[in-house]
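Here are my notes on the model you sent over.

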Amino acid sequence: MVEELVAAGVTVGAVGAVYVMAAARVVKQYERGVVLRLGRLQRSVREPGFTMIVPLVDRLRKVNMQIVTMPVPAQDGITRDNVTVRVDAVIYFKVVDAAEAVVQVEDYRFAVSQMAQTSLRSIIGKSDLDDLLSNREKLNQGLELMIDSPAIGWGVQIDRVEIKDVSLPETMKRSMARQAEADRERRARVINADAELQASKKLAEAAHEMAEEPAALQLRLLQTVVAVAAEKNSTLVLPFPVELLRFLERAQQAQEQPRQRPEERPQALPESGAQDSEAGDQVARGESKTGQD
């Protein structure tokens, strides 16, 4: 009798151990458990930790609640200004309702991926090339709204969408490079012209000051000689300004004028003397004509 009781106890214990092993489940911290009992959804979602289900009756599906990083394959499209581009992106999303993610959609990852690809093509067709290259924040927000609208019904929340790269044709790259080069050259010419204008104004002011003080021109010439001599050149080219020559000429004339005596200066003939000289010339011309006859 005792042996039968012991055998029964051992049997019950073995069956209980098998049942516990079949019914025991462990849900991780970043997961939630969705139970389907005879195909019907149990509203109580199993929290992280140890949990039990009914073997052969319940089926537990674990749903990852972490943020998923999913790359969106590169999509070819034509922008609104008729430029062929190839754009790829990355999407960040997470499951906020485990029951909806299991029941409402067959594979929420695949569904989000397909929705992201179609939305990316739509964004390419509605945008200009300049927007794709420079105004990505606005495009990212629009792409996020387009994907998040249907994803809400799947128990999925879109955290962020980022456009990674925009590939352009080689011809378009060369055209943009020429455009950028021309724009930089234009700005360089404008800056150079502005510098020339400012320099000409300063030179005009300097010339005005030197015209009032001619000695400043000689001092400037000496400074130029010192600057050139500092380069240790074997040949020294010395520019000699014409203004300095004129200054020296005027100074020499001013020194020579006081030295001339009054008697050495040419005097104007009186009017009567001039008339007499003219009459004598006429007489002389007449005599010469008579001799010839």
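1. Start with the surface. Tyr-19, Val-20, Val-26, Phe-50, Met-52 and Val-54 make up a nonpolar patch there, and together they have about 530 Å² of accessible area. Helix H1 (2-23) and strand S4 (49-52) each put at least two residues into the patch. Bear in mind as you look that this is a predicted model.

2. Next, the open sheet. Three strands build it in the order S3-S2-S5, with antiparallel pairing. Which strands stand at the edges? Those are strand S3 (40-41) and strand S5 (58-64); each has a single partner strand, so one side of each has no neighbour in the sheet. As a reminder, strands of a sheet pair through backbone hydrogen bonds, either parallel or antiparallel.

3. Zoom in on one pairing in that sheet. Strand S2 (residues 31-37) and S3 run antiparallel and are joined by two bridges. Arg-37 has Arg-40 in S3 standing opposite.

4. Glu-31 deserves a look of its own. This residue is in strand S2. Is Glu-31 buried or exposed? With 13% relative accessibility, Glu-31 counts as buried, because the cut-off for buried is under 20%. Leaving out residues up to four places away in sequence, Glu-31 touches Pro-48, Lys-62, Val-63, Asn-64 and Met-65. Glu-31 and Ala-98 are 67 residues apart in sequence, while their C-alpha atoms are 8.9 Å apart in space.

5. On to salt bridges, where the count comes to nine. One of them joins Arg-80 and Asp-128, with 3.1 Å between the closest N and O atoms. This pair links distant parts of the chain, 48 residues apart: Arg-80 is in the loop between strand S6 (68-78) and S7, and Asp-128 is in the loop between helix H3 (108-126) and helix H4 (129-134). Arg-80 is exposed, at a relative accessible area of 52%, whereas Asp-128 counts as partly exposed at 22%.

6. Helix H6 (residues 170-212) is another place to check. Here Arg-186 forms a salt bridge with Asp-183, and the closest N and O atoms are 2.8 Å apart. Because the two are three residues apart in this helix, about one helical turn separates Arg-186 from Asp-183. Both partners are in the middle category: Arg-186 is partly exposed at 47% relative accessibility, and Asp-183 is partly exposed at 31%. Asp-183, Arg-186 and Arg-187 are also linked in a network of salt bridges.

7. Arg-189 and Glu-185 are four residues apart in helix H6, so about one helical turn lies between them. Arg-189 is exposed, with a relative accessible area of 58%, while Glu-185 is partly exposed at 41%.

8. Some overall numbers for your notebook. The protein has nine helices and eight strands. Of its 293 residues, 22% are buried. The protein exposes about 21400 Å², and carbon and sulfur atoms supply 54% of that. Among contacts with a separation of 6 or more, 64% are between residues 24 or more positions apart.

9. Finally, confidence. The protein averages a pLDDT of 80, and 82% of the residues score at least 70. Which element has the highest mean pLDDT, and which the lowest? Strand S7 (residues 84-95) has the highest at 92, and helix H9 (residues 271-292) has the lowest at 44. pLDDT stays under 50 over residues 264-277, a stretch with two contacts beyond four places in sequence. Residues 282-293 also stay under 50, with zero contacts beyond four places in sequence. Where pLDDT is low, the predicted coordinates should not be read in detail.

How values were computed:
Residues are numbered from 1 along each chain as its sequence is written. This is a predicted model: local features need pLDDT of at least 70, side-chain atom pairs count only at pLDDT 80 or more; totals for chains, interfaces and linings use all residues. Side-chain values use heavy atoms; hydrogens and water are left out. Patches are made of residues with over 30% relative accessible area and no salt bridge: like charges are joined within 9 Å, nonpolar side chains (Val, Leu, Ile, Met, Phe, Trp, Tyr) within 5 Å. Accessible areas come from the Shrake-Rupley method with a 1.4 Å probe; for residues, only the protein chains shown count as cover. A salt bridge is a side-chain nitrogen of Lys or Arg within 4 Å of a carboxyl oxygen of Asp or Glu. Two strands pair if DSSP finds at least two bridges between them. Buried means under 20% relative accessible area, exposed over 50%, partly exposed in between (1.4 Å probe, protein chains only). Contact means heavy atoms within 4.5 Å. pLDDT is the predictor's confidence in each residue, from 0 to 100.
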